[in-house]
Amino acid sequence: MLDAGVQRGAGFRHEAMLYAGEHDFLGRAAAFIEDGVAAGEPTLVVVDRGKIARLRERLRSDSALVAFVDMSEVGANPAHLIPALRGFVDGHPADQALRVMGEVIWPGQSEDALAECHRHEALANMAFAGSNLWAICPYDVSALDAATITAAERHHPVISDSGGPRLSRTYPGDERLAAPFEDALPEVPAAAIRRSFGAQDLSGLRSWVAATARTLGLTASGAEDLVLAASEIATNSVRYGGGGGVMRIWPRNDAVVCEVEDRGGIDDPLAGRRKPAPDQKSGYGLWIANQLCDLVQIRTSPNRSVVRLHVNLHR
C-alpha cells in the first residue's frame, strides 16, 4: 500500500530510487522512461555512459521524447546540474509534465565532490518548487555506504525501493534544507600559503595566485582559470564581505584549492547555481567561479563566508 501523498500530481516530485545492482536499476529505470513516453512526458536521463548504452538496448522504442546526457559531461561539477535541469524545464510549456532521471552520486567520488552532490540534492527541492517535474535520483544500495543512503533519505521527500514509493520519514522540509550551509569543511592544512587582502591589493593578489598555482603544479590554462575565479571572489569580499579577507592556497587530491574567507554572509542558497538575469547587478562572481573551476564549495553564516575553489591538476 502506497503512503498518502506519493502519487503523481501537478508540482515538483523529488524521489530517491534505492536500487540494488545493475539488473534492478535497468528494470526500474526503463519502466520509468517507458511510462513517461506512454504518458507523452518529455524525459531527460542523465547517467553514466555505460548505463546509457544498456538502457538504449533495453528500451522498446527510440522515442523523440527521451534525451540522454552523460553525467560526466554535465555533473562533474555538481553546481552545473541545477542550471542544466533548469534549461530542460524552461524549454517546455509550464503546464507540460516532465520527467528526469539523474544519478548524481556514485561510488568513488571524492569527499569534497560528494559533499557538493548532497548539497545539490538538498537545493533541488527549492530550485524546482512549483515546476511540473518528476525527478528520480538513483542510489545503488549495494555499492554506496550507509551514510550516503541516510543522506538520500534526508534530501528527498519521496523514497522508492523494492517495496514501492513512500514518504521519507527524515525529510526536514524545503525551508530547512535551503538554510545557510554551515557544515564543516576539511581543515585547512598548516602548510597552506596565506595572504590577507583589501581593496588596494587585488592586482597584486592576482599575480600571487598565478605564481602560487603554477608552483603547485597547475597548467597555464588551469592557473589562468583559478586567477580569474579567485579575483571574482576576492572582489566580492571587498564589496560585500567587510572590505577584504584572507586567501589561502594548497594542494589537495590532485587539485589546487584556493580558499577565500571574509566577514560577509551569503543570503541566496542558490548562489553560484543559478545564472544571473541579464539586468541583475550582483551574483556574477560565484556563477563565473563555477564556470571556471572543477568544484566550488560555499559555507556561510551571518558574519563569515568561506568559498573554496578547486582546479584539477590534469585537465
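A residue is called buried here when its relative accessible area is under 20%. In this predicted model, helix H6 runs over residues 146–155, and its buried residues are Thr148, Ile149, Ala151, Ala152, Glu153 and His155. These buried residues pack against strand S1 (13–19), H5, strand S5 (133–140), strand S6 (158–161), strand S7 (164–167) and helix H7 (174–177).

## Arg119 in helix H5

Arg119 has its place in helix H5, which spans residues 111–127. Although Arg119 is buried, it has no salt bridge, and the nearest side chain of opposite charge, that of Glu116, lies 6.4 Å away. When residues up to four places away in sequence are not counted, Arg119 touches Leu177, Ala178, Ala179, Phe181, Pro269 and Arg273.

## Helix H8

Helix H8 takes in the 14 residues 202–215, which at 1.5 Å a residue should span 20 Å, and this agrees with the separation of 20 Å between its end C-alpha atoms. Within H8, the residues Leu202, Leu205, Trp208, Val209, Thr212 and Ala213 are buried. Because these residues cover an arc of only 125° around the axis, they are placed on the same side of H8. In general, an α-helix has 3.6 residues a turn, so residues three or four places apart point the same way.

On the other side of H8, Ser207 and Thr215 are exposed. The cover over the buried residues of H8 includes strand S8 (193–198), helix H9 (220–240) and strand S9 (244–252). Just after H8, Gly217 adopts a positive phi of about 110°.

## Nonpolar cores

The largest nonpolar core holds 30 residues, and those with the most contacts inside it are Val209, Leu218, Leu226, Met247 and Leu309. Two or more residues are given to this core by each of H8, H9, S9, strand S10 (255–262), helix H10 (284–292), strand S11 (295–301) and strand S12 (304–312), and H9 gives the most, with 7 residues. Leu218, leaving aside neighbours within four places in sequence, is in contact with Ala213, Ala223, Leu226, Val256, Val311, Asn312 and Leu313. A second, separate core has 29 residues, including Phe88, Leu98, Val100 and Ile105. In soluble globular proteins, nonpolar side chains tend to be buried together.

## Val260 in strand S10

Val260 has its place in strand S10, and with a relative accessibility of 1% Val260 counts as buried. Apart from neighbours within four places in sequence, the residues in contact with Val260 are Phe197, Ile233, Ala234, Ser237, Val246, Met247, Ser305, Val306 and Val307. The C-alpha atoms of Val260 and Asp161 are separated by 41 Å, and the two residues are 99 places apart along the chain.

## Salt bridges

The structure holds 21 salt bridges. One of them joins the side chains of Lys51 and Glu103, with an N to O distance of 3.3 Å. This pair links distant parts of the chain, since Lys51 is in helix H2 (residues 49–58) whereas Glu103 is in the loop between strand S4 (98–102) and H5, 52 residues apart. Lys51 is buried, with a relative accessible area of 12%, and Glu103 also counts as buried, at 6% relative accessibility.

A salt bridge is also formed by Arg86 and Asp90, whose closest N and O atoms are 3.0 Å apart. Both residues lie in helix H4 (residues 81–90), where they are 4 residues apart, about one turn of the helix. Arg86 counts as partly exposed at 27% relative accessibility, while Asp90 counts as exposed at 52%. The side chains of Asp294 and Arg315 likewise meet in a salt bridge, at 3.4 Å from N to O. That pair links distant parts of the chain, with Asp294 in the loop between H10 and S11 and Arg315 in the segment after S12, 21 residues apart. Asp294 is partly exposed, with a relative accessible area of 22%, and Arg315 is partly exposed with 44%. Finally, Arg248, Glu259, Glu261, Arg304 and Arg308 are linked in a network of salt bridges.

Notes
Residues are numbered from 1 along each chain as its sequence is written. This is a predicted model: local features need pLDDT of at least 70, side-chain atom pairs count only at pLDDT 80 or more; totals for chains, interfaces and linings use all residues. Side-chain values use heavy atoms; hydrogens and water are left out. Buried means under 20% relative accessible area, exposed over 50%, partly exposed in between (1.4 Å probe, protein chains only). Lys and Arg count as positive and Asp and Glu as negative; His and the chain ends are not counted. A salt bridge is a side-chain nitrogen of Lys or Arg within 4 Å of a carboxyl oxygen of Asp or Glu. Contact means heavy atoms within 4.5 Å. The expected span of a helix is 1.5 Å times one less than its number of residues. The arc is that of the directions from the helix axis to the C-beta atoms. A nonpolar core is a set of buried Ala, Val, Leu, Ile, Met, Phe, Trp, Tyr and Cys residues joined through side-chain atoms within 4.5 Å.
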